[in-house]
2 protein chains.
Amino acid sequence: MSKESDIRNAIWQLAFQFKVSSKKAIRQYGLPLNGMHVRILHMIGATPACTAHRIVQASGRDKAQITRLLKELEGMSLIQRAPNPDDKRSQIVSLSGKGEALMARAREAEQDVVTRLLKGMKKDEIDTFVGLAGRMLDNLREE
Amino acid sequence: MSKESDIRNAIWQLAFQFKVSSKKAIRQYGLPLNGMHVRILHMIGATPACTAHRIVQASGRDKAQITRLLKELEGMSLIQRAPNPDDKRSQIVSLSGKGEALMARAREAEQDVVTRLLKGMKKDEIDTFVGLAGRMLDNLREE
DNA sequence: GTATTTGGTGGACAATATCAACCATATTTC
DNA sequence: GAAATATGGTTGATATTGTCCACCAAATAC
């Protein structure tokens with residue numbers, strides 16, 4: 001198989017299996033969340049004064065998709081919105097107590113997957129991988 | 001940011017951007033294919049005596065999904081089916097002339113993306129990346 | 001032979017992604 | 001300051017991708 005299809009395959013397969021494993025782990029923990037929910041909650045938890053726009057930029061997803069996911073999360077009482085003092089068009093979203101609690105468990109579940117993923121990998125190998133992935137990502141983005 | 005979210009992010013973002021870029025390239029070439037179509041056509045082209053089951057195994061996707069994609073591809077006259085002499089339940093799928101022609105162009109489009117992806121990367125870095133990704137994939141699969 | 005497994009199909013539906021129109025506020029331009 | 005434009009966000013509509021389940025027919029195991 002050519003080098004091109006190797007790298008293509010590596011990216012697609014790894015991402016797909018990782019998604020499947022993560023989803024399964026989250027479900028085994030009995031958490032009522034799907035993949036995108038978890039990812040967005042992560043970002044909200046990690047970003048101070050997080051707005052929808054910030055999530056759009058960080059995730060690269062369509063803003064309509066983000067709007068809907070946020071609405072769902074709010075409907076599940078996992079996040080709350082507060083007016084943004086800097087811009088009346090937008091709101092600042094943050095995790096609710098329930099959201100924090102759920103994410104604590106989600107982190108455990110995901111940690112299991114990452115641990116499995118990285119089994120037998122040395123620290124510098126992981127760094128190398130993340131570094132190379134970052135460079136590829138930059139290559140695709142700058143355009 | 002922690003090492004765990006680094007690797008998670010690296011995988012998700014890289015795969016997402018790669019998918020977006022590939023899709024855009026395919027569309028710019030004016031090809032009436034979406035991501036899964038291209039991936040399956042690749043496999044069919046590369047696999048001698050390719051059956052649906054083989055695609056299911058190689059792709060890791062649900063067999064119902066594969067059935068439908070194959071039906072669509074057959075509807076577009078990009079593939080053809082022939083009886084499998086080894087097993088009357090299954091059929092051997094192969095690219096039609098039209099399918100071959102389309103894939104020749106799709107390969108060009110994807111080649112552009114891979115070239116961009118790998119810009120500035122040394123050959124051994126690419127090998128390292130593919131190797132590490134393969135090990136991670138094995139970790140997730142063996143379970 | 002019957003029982004079980006396997007390759008494949010179809011229905012139903014959930015999750016994810018895309019595109020365009022639109023509203024309210026912010027920002028720029030003059 | 002008013003008009004024009006840009007930005008953050010929402011909604012509708014629709015496409016793509018993924019999942020689960022029941023089922024059929026042929027293959028394999030017993």
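## Arg39(B) and its contacts

Neighbours within four places in sequence aside, Arg39(B) makes contact with Asn9(A), Trp12(A) and Gln13(A). The model is a predicted one. Arg39(B) sits in helix 2 of chain B.

Which side chain of opposite charge is nearest to Arg39(B)? It is Glu110(B), 7.2 Å away. Arg39(B) has no salt bridge, yet is buried.

## The sheet of chain B

Chain B holds an open sheet of three strands. Their order is 1-3-2, and the pairing is antiparallel. Strand 1 (50-51) and strand 2 (79-83) are the edge strands, each pairing on one side only. Helix 2 (residues 35-46) of chain B packs on this sheet and touches strand 1, strand 2 and strand 3 of chain B. The direction of helix 2 makes about 105° with that of strand 3 of chain B.

Five bridges join strand 2 of chain B to strand 3 (residues 91-95) of chain B in the antiparallel sense. Opposite Val93(B) in strand 3 of chain B stands Arg81(B). In general, strands of a sheet pair through backbone hydrogen bonds, parallel or antiparallel.

## Ile44(A) in chain A

Ile44(A) belongs to helix 2 (residues 35-46) of chain A. Is Ile44(A) buried or exposed? Its relative accessibility is 4%, so Ile44(A) counts as buried; the cut-off is under 20%.

Residues up to four places away in sequence aside, Ile44(A) touches Cys50(A), Ile55(A), Leu70(A), Ile79(A), Val93(A), Ser94(A) and Leu95(A). Leu73(A) lies 29 residues from Ile44(A) along the chain, and 11 Å separate their C-alpha atoms.

Definitions and conventions: Residues are numbered from 1 along each chain as its sequence is written. Chains are lettered from A and ligands numbered from 1 in the order in which they are written. This is a predicted model: local features need pLDDT of at least 70, side-chain atom pairs count only at pLDDT 80 or more; totals for chains, interfaces and linings use all residues. Side-chain values use heavy atoms; hydrogens and water are left out. Helices (H or I, at least four residues) and strands (E, at least two) are DSSP runs, numbered from the N terminus. Buried means under 20% relative accessible area, exposed over 50%, partly exposed in between (1.4 Å probe, protein chains only). Contact means heavy atoms within 4.5 Å. Two strands pair if DSSP finds at least two bridges between them. Axes are lines fitted to C-alpha atoms, for helices over the stretch in contact, and angles run from 0 to 180 degrees between N-to-C directions. Lys and Arg count as positive and Asp and Glu as negative; His and the chain ends are not counted. A salt bridge is a side-chain nitrogen of Lys or Arg within 4 Å of a carboxyl oxygen of Asp or Glu.
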